[in-house]
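Thank you all for making the time this morning. I would like to walk you slowly through one model, so please keep the sequence and the structure in view while I talk.

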Amino acid sequence: MSDAADPAIEPSRRLDAIDRKILTVLQDDASLSVAEIGDRVGLSSTPCWKRIQRLEADGVILRRVALVDQNKIGLGISVFVSVESGDHSDIWLKKFADAVSAMPEVMEFYRMAGDVDYMLRVVVADMQSYDIFYKKLISAVALKNVTSRFAMEKIKSVTALPVPPMPAA
């Protein structure tokens, strides 16, 4: 559930310029063959494959997936749901996190700093589907406030992280 940096793993120190190029290429198109990736980053297939395997083993590459257009599969509504809690105990958080994580409509789930405690990005087919989701959410655990914001238009959506250059020595 956490994106917090693991102090035992310092990828910025272990990732050289070629690793960073591999990550950029894979984020653009993970369906490329190892030979094609190697050509783009200046390596032959075997060393390229070994680097990809190491990046996976180190947890830098989490998984390779297909990106699906939500509208083309009937999930036309995106909702950003802000949640405020009156209870901040570990027991409450575990119950809430388990319940929300089990809801397939929730694409992203964050614990926040600021005026709301949690933020969810939810995708559903229609308003009736959102109402069903909302009722399931508010019955899972006690909540202080839930605010739903409906996206009218997706202006930018990317999955590729901007791989930073190597730190200066």
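This is a predicted model: local features need pLDDT of at least 70, side-chain atom pairs count only at pLDDT 80 or more; totals for chains, interfaces and linings use all residues.

Let me begin with a term: a residue is called buried under 20% relative accessible area, exposed over 50%, and partly exposed in between, with a 1.4 Å probe and protein chains only. By that scale Phe 150, at 35% relative accessibility, counts as partly exposed, whereas Tyr 130 is buried, with a relative accessible area of 4%.

Residues are numbered from 1 along each chain as its sequence is written, and side-chain values use heavy atoms, with hydrogens and water left out.

Now to the sheet. Helices (H or I, at least four residues) and strands (E, at least two) are DSSP runs, numbered from the N terminus, and two strands pair if DSSP finds at least two bridges between them. Four strands make up an open, antiparallel sheet in the order β2-β3-β1-β4. Because β2 (106-111) and β4 (145-150) are the edge strands, each with a single partner, one side of each is left without a neighbour in the sheet.

Strand β3 (residues 118-124) pairs with β2 in the antiparallel sense over five bridges, and with β1 in the antiparallel sense over seven bridges. Met 119 in β3 stands opposite Tyr 110 and also opposite Ser 82, while Leu 120 in β3 has Phe 109 opposite. The hairpin of β2 and β3 has six residues between the strands, and in its turn Gly 114 has a positive phi of about 115 degrees. How enclosed is β3 by the rest of the structure? Largely so, because five of its seven residues are buried.

Let me turn to the aromatic residues. Rings of Phe, Tyr and Trp (its six-membered ring) pair if their centres lie within 6.5 Å, with planes under 30 degrees apart counted as stacked, over 60 as edge-to-face and the rest as tilted. By this rule the count comes to eight aromatic pairs. One of them joins Phe 109 and Tyr 118, a tilted pair at 6.1 Å centre to centre with 45 degrees between the planes, and both Phe 109 and Tyr 118 are buried. The rings of Tyr 130 and Phe 150 have centres 5.3 Å apart and planes at 80 degrees, so this pair is edge-to-face.

Finally, the helices α3 and α4. Axes are lines fitted to C-alpha atoms, for helices over the stretch in contact, and angles run from 0 to 180 degrees between N-to-C directions. Helix α3 (residues 34-41) packs against helix α4 (residues 45-57) at an angle of about 95 degrees, with the axes 8 Å apart. By class, the contact of α3 with α4 has six nonpolar, two polar and no charged residues, where Ala, Val, Leu, Ile, Met, Phe, Trp, Tyr, Cys and Pro count as nonpolar, Asp, Glu, Lys and Arg as charged, and the others, Gly among them, as polar.
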